[in-house]
Amino acid sequence: MAARGKRWIEHWDPENEQFWEETGKKVARRNLWFSILAEHIGFSVWTLWSVMVLFMGPQYGFSAADKFLLVSTPTLIGALMRPLYTFAVAKFGGRNWTIVSALLLLAPTILAAIAMEPGTSLGTFLLIAALGGVGGGNFASSMTNINAFYPEKHKGWALGLNAGGGNLGVAAIQLIGLLVIGTVGATAPRVVLAIYIPLIVVAAVCAYFYMDNLSSMKGDTKAMREVVKDPHTWVMSFLYVGTFGSFIGYSFAFGLVLQNQFGRTPLQAAAVTFLGPLLGSFSRPTGGWLADRIGGGKITFVTFVGMAAATVVLILASTSNSLALFTVAFIVLFVLTGIGNGSTYKMIPAIFRAKAKVAISEGADETLEMLKARKLSGALIGLAGAIGALGGLFINLAFRQSFADTKSGVPAFVAFLVFYGLCFAVTWAVYLRKQQSEVASTRGLALAGAEV
C-alpha cells in the first residue's frame, strides 16, 4: 500500500479478504474513529440553534414562529450543502476535506458567540444560523468517505456507527445546554459556544494527523450524474426523508414543542430534549446491524410501521394533554428513526452490489463493477443525505404553521402520520413484494430483495 504525497492510499481493495485482514481493517477503523469525531462536532454545530433558542427568553422579543423559523434555517442550508460535500470528497480526498470542513465550523460558532444577546435582530440570527448549516454537510462527506473504506459485509455496521456517532453530536450539545442552564442559568449561552470552539480545532488537528485519502475516490464526480438516473435513487431518498428527516427535524423541534404545547420552562425542556437524539443516535448502529443480518428492506418496513404507531400515540397524548405519554412516545419515535437511519443506509450499498453481481454474471469485469458499485453508492449516500435532511426542514415548517394556526402540534403530527404510511407502503411495494424479482427484470426496481 504505497502513498502518493501525504496520506494518499493508492491501492485499496477491502473486498479482498487477505488485504482486509492484514492491512485494510486497521486503516479503515482508524479513519472511522476520527471521521466520527469530526462528524460529531459538525452535527453539534448544525443543531446549535436547537439549544440557543432555549436561552432566548422574552427579552429577545421572538415569537414561537420566529424560533421555529430560526431552527429551520440551518436544516435547509445543511441539506443544500450535502451534495457539494459529497463531491468534495472525490475532488480533494476524505482526509483533506475533513480538515477543511471541520475548520469551517469555526465561523458560525464564533459569530454566534458575538451575537447572542438581546437586541440582536432576527435577520442577524438567521444569517448566522444559515452559516451553521455547513455542519450538516459534514455528514455527507463523512459517510461517502467511510463507505469507500469498508467491504460490503461490514458496511451496515460501519456506516451505522459512523452516522450514529455523528448523530450523538445533537444529544451532546443539548446535554451541554442543559448543564449550562442548570448551573449558570438561561442567560449564559456563550458558555456553550466556548466549549465547542476548541473542540472544533481538536477535530481538525486529529483529521490532519490520523486520517487518509483514497486515490480510488479521485475522478468520482461523474458518479452523481449516473446515479440520478437510477430509480432506486429516488426511492431511497424518499425513505430517508422519513428516517433521517424525522430524526433531525424532531431534534431541532422537540424542545420548542415542549415549551409551546406543554408550557415547559427552558430548564424543564432541556432536561428531556437531549434524550431523544441520544437514544436515536445509539439505535442507528443497531439498525445497520439488524439490516446486515435480516435485510435492510424488512427492518425499514417494520420501522416505518412503528413510527406511524408512535405518531398516533403522540396525537392522543396531545389531545389529552398528557405530558408523560407525549414524552415517552416522542422518545420511542426517536429510537425508531435511528433504527431506520441505519437500515436505509445499509440498503444503498447493497442495491449497487446486487447490480454489480448481475453484471458480473453476464461477463463484466469483477474489479471494475465492484469499484463502480462503491462509487455509485457513495454518490447516492450524499444525495439521499441531502434530500433526507430536507425532511427536517419540512417538519419544522409544519410545526411552525401548526402552532401559528392552532397553537398545537396535532395538525403537524397528522401530516407526519400520513407520510409514514406512504413510506411503509413504498418500502413494501418496491423491496418486499413476492414478485419483486420479476419486477426487477422489467422496471429496474426491487433488485435482490433478500440482500437489500
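Me: Why is Leu 393 called buried in this predicted model?
Reply: Leu 393 has a relative accessibility of 11%, and buried means under 20%, so Leu 393 counts as buried. Leu 393 is found in helix H16, residues 366-406. Leaving aside residues up to four places away in sequence, Leu 393 touches Ser 72, Thr 75 and Leu 76.

Me: What makes Thr 120 count as buried?
Reply: The relative accessibility of Thr 120 is 17%. The cut-off is under 20%, so Thr 120 counts as buried. Thr 120 lies in the loop between helix H5 (106-115) and helix H6 (122-131). Beyond four places in sequence, Thr 120 touches Phe 62, Ala 115 and Phe 125.

Me: Which backbone oxygens does the side chain of Thr 120 reach?
Reply: The side chain of Thr 120 reaches the backbone oxygen of Ala 115 at 2.7 Å. The backbone oxygen of Glu 117 lies 3.2 Å from a polar side-chain atom of Thr 120. A polar contact requires N or O atoms within 3.5 Å.

Me: How do you know that Asp 66 has no salt bridge?
Reply: The nearest side chain of opposite charge to Asp 66 is Arg 400, 5.2 Å away. A salt bridge needs a nitrogen and a carboxyl oxygen within 4 Å. Asp 66 is buried and has no salt bridge. The place of Asp 66 is in helix H3, residues 64-92, and Asp 66 touches Gly 61 and Leu 122, not counting residues up to four places away in sequence.

Me: What makes Glu 21 and Lys 25 a salt bridge?
Reply: The closest N and O atoms of Glu 21 and Lys 25 are 3.1 Å apart, and the limit is within 4 Å. Both residues lie in helix H1, 4 residues apart, about one turn of the helix. Glu 21 is partly exposed at 43% relative accessible area, and Lys 25 is partly exposed at 24%.

Me: Where in the chain do Asp 212 and Arg 30 lie?
Reply: The side chains of Asp 212 and Arg 30 meet in a salt bridge, at 2.8 Å from N to O. Asp 212 is in the loop between helix H9 (190-210) and strand S2 (213-214), and Arg 30 is in helix H1, 182 residues apart. Asp 212 is buried at 6% relative accessible area, whereas Arg 30 is partly exposed at 26%. Arg 7, Arg 30 and Asp 212 are linked in a network of salt bridges.

Me: Why can Lys 355 and Asp 230 be said to tie together parts of the chain?
Reply: Lys 355 forms a salt bridge with Asp 230, the closest N and O atoms being 2.1 Å apart. Lys 355 lies in helix H15 (residues 323-361) and Asp 230 in the loop between helix H10 (222-227) and helix H11 (231-262), so the pair ties together parts 125 residues apart in sequence. Lys 355 is partly exposed at 26%; Asp 230, at 8%, counts as buried.

Me: How many salt bridges and polar contacts are there between domain 1 and domain 2?
Reply: The chain is divided into domain 1 (23-216) and domain 2 (220-435). Between domain 1 and domain 2 there are 0 salt bridges, and 8 residue pairs are in polar contact. Domain 1 and domain 2 bury about 4,400 Å² between them, 76% of it on carbon and sulfur atoms.

Technical notes:
Residues numbered from 1 in each chain as written. Predicted model: local features only at pLDDT ≥ 70, side-chain atom pairs only at ≥ 80, totals over all residues. Heavy atoms only, no water. Helix = DSSP H or I, 4+ residues; strand = E, 2+ residues; numbered from the N terminus. Buried < 20%, exposed > 50% of the residue type's maximum accessible area, 1.4 Å probe, protein only. Lys, Arg positive; Asp, Glu negative; His and termini not counted. Contact = heavy atoms within 4.5 Å. Domains from an automatic or database assignment. Buried area = accessible area lost by both parts, 1.4 Å probe. Polar contact = N/O pair within 3.5 Å; in protein donor to acceptor, adjacent residues only side chain to side chain.
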